[in-house]
Amino acid sequence: STQHSSHSAPSLTHSRMAMAMNIRRAALATILSLIASSPLPCIGFSASKSNEPRGKGFTNKVVEDVVVRDVSAKIRRDKTPTSKPLNAREKSFSQRDPIISLNMNLDYLAKSGQKDAAKRCEEMLLRIEALHDDGYYEKSPDVVSYNSVINAYAHGSSVINPYAQRKSTNNSRSWQAKRLMKRMEEKGLTPNSITWNTLLRCILKEVGDKQWQRSSGQKVEEAESILTNMEKSGLATTISYNTVISTISKSKLNDSAERAESWLERMMKLYETTQNDKIQPDTCSFNSVIHAYANIRKNATGAPKRARRAEKLIKQMEMLYKSGENDNVKPDVVSYSAVLNAYARAAGQDERCAARAMEILDKMVKLHKGGDKEVKPNKRTYTAVINAFARIGKAEIADDILSKMKKLHEMGDDSLKPDTVCYSSVLDAYAKMGGEDAAFRAEELLHEMETLYSNGDNDVKPNTRTYRSVITALGRSNQPRAAEKAEQILEEMECISSHGARDLAPNTIVYNAVIDA
């Protein structure tokens, strides 16, 4: 029976894969045949001045990806995640102690990513408790058991029951965590540092959820109150402080950056006084505060000042690390990239911020060449500098940075391969710049993206933002046929989106851009 089962599972998997491939081929053949016979094929204008048609390669690639996406989604739905198997040492422990076995299974299930993992973890916990109460087990679930279940809720969806969401707000991750913590105490178990840190992580994830954004201020106050009590109980750790600082940083409150920095300063003073390694500030502590200064609302006043404050934090990290006061605060690429984002957002208010962003990028390149591998500029680093110059309409400089990324990628640096975001940022710059040359260059970049994508490079697939920028560039170009070209792009977007590419569906901004052209 066992032997038969072991052979049947692979055959079932092969048959499912074969069925999926057949579905894909049939669907793809049908859709492409419809496009081929369509009286209005999705063929737009050329990026060149000769206005030659591009052909159907780009359109066919978009439709093919839609089919692959739908089939892949079906295969993912059919898959059931399985728990990681125990190794020999873990098996030995689990055979001797059922609670250790329970905790291992709870831990694996909590981290499995399954949709109902939290519910299943709690059901497992309650079954073992019931068996203990009935005398089947000498031991009952412990603090580790409850921590794993709470962790499952922290990893899972914020809403367990959609109906409960409409009737009550008491269905959040943190509410579930506090409910389980109350049960722990009723069972005679005392929540430890890990328990409280997991509750803080639940609150952090809720602050990032759109449905809880209105109560982000309350969530921040709750997190701060929990950390204060942890300090009094001697349970606070570096993770505790970092989680609260991240919660404040993501809350988007008006004083989030200053509030986050005050907790960092408090953490540093406690560490200096106690020399307790458990609360030693690290790179993540500083990075979360820097992100708070970078993540300001669009068009918010005082952006240049906040960017300069973010850079001062980097310098403070460098000083602490080089002096030997704190070996855990060495700035990394995340630190510098966050400062670059701050300057990029501030460039619209002060053009000098773009130049400063370029200087910091050059510094990162120099540090990396000097042997510091942790500050190697990545794709997002370069994109931040591109955005800085895009905001002030310096399209040629933004384009030069993109060209530099292409060259470095061609030389073997795969981490700097430009993607849709990089190209779209340069296109934004040309749209802001305006003029006939800017429009032609925008068309060339769009044609380049479509050609790369048609040849299999999915990282540069044009999106609605891409086309909107090209249309805007045409509208500001005064070209004789600008309006006609803009309308052709719109028709192409409508045609492609009608075949399932929803990410290319025109929105109100696109239609207004065509009207303005």
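Predicted model: local features only at pLDDT ≥ 70, side-chain atom pairs only at ≥ 80, totals over all residues.

Reader: Which residues other than glycine have a positive phi?
Author: Lys252 is one of them, at about 60°. Gln275 is another, at about 55°.

Reader: Why point those two out?
Author: Most residues other than glycine have a negative phi.

Reader: Where do Lys252 and Gln275 lie?
Author: Both are in loops. Lys252 sits between α11 and α12. Gln275 sits between α12 and α13, the latter covering 283–294.

Reader: Which residues of α10 are buried?
Author: Ser216, Lys219, Val220, Ala223, Glu224, Ile226, Leu227 and Met230.

Reader: How do the buried residues of α10 fall, seen down its axis?
Author: They fall within an arc of 160°, so they line one face of the helix.

Reader: Why would spaced-out positions end up on one face?
Author: An α-helix has 3.6 residues a turn, so residues three or four places apart point the same way.

Reader: And what is exposed on the other side of α10?
Author: Gln218, Lys232 and Ser233 are exposed there.

Reader: What covers the buried residues of α10?
Author: The cover includes four helices: α8 (173–186), α9 (193–207), α11 (238–251) and α12 (256–274).

Reader: New topic. At what angle do α17 and α18 pack?
Author: About 165°, with the axes 8 Å apart. Here α17 is residues 379–391 and α18 is residues 395–410.

Reader: Parallel or antiparallel?
Author: Over 145 degrees counts as roughly antiparallel. So α17 and α18 are roughly antiparallel to each other.

Reader: Is their crossing left-handed or right-handed?
Author: The crossing of α17 and α18 is left-handed.

Reader: Which residues meet there?
Author: From α17 come Lys379, Tyr382, Val385, Ile386 and Phe389. From α18 they meet Ile397, Ala398, Ile401, Leu402, Lys404, Met405 and Leu408.

Reader: Let's pick Met405. Buried or exposed?
Author: Buried, with a relative accessible area of 0%. Met405 lies in helix α18.

Reader: What is Met405 in contact with, leaving aside neighbours within four places in sequence?
Author: Lys379, Tyr382, Ile386, Leu416, Pro418 and Cys422. Take Leu416: it is 11 residues from Met405 along the chain, and their C-alpha atoms are separated by 5.7 Å.

Reader: Lys379 is on that list. Is it buried or exposed?
Author: Lys379 is found in helix α17. Its relative accessibility is 17%, and buried means under 20%, so Lys379 counts as buried.

Reader: Now zoom out. How many helices and strands are in the protein?
Author: There are 23 helices and 0 strands.

Reader: How much of the protein counts as buried?
Author: 46% of its 517 residues.

Reader: And what share of the contacts with a separation of 6 or more comes from residues 24 or more positions apart?
Author: Such residues account for 69% of those contacts.

Technical notes
Residues numbered from 1 in each chain as written. Heavy atoms only, no water. Buried < 20%, exposed > 50% of the residue type's maximum accessible area, 1.4 Å probe, protein only. Helix = DSSP H or I, 4+ residues; strand = E, 2+ residues; numbered from the N terminus. Arc of directions from axis to C-beta. Contact = heavy atoms within 4.5 Å. Axes fitted to C-alpha atoms, helices over the stretch in contact; angles between N-to-C directions. Parallel < 35°, antiparallel > 145°, perpendicular 65-115°, else oblique. Left-handed = near helix turned anticlockwise from the far one by under 90°.
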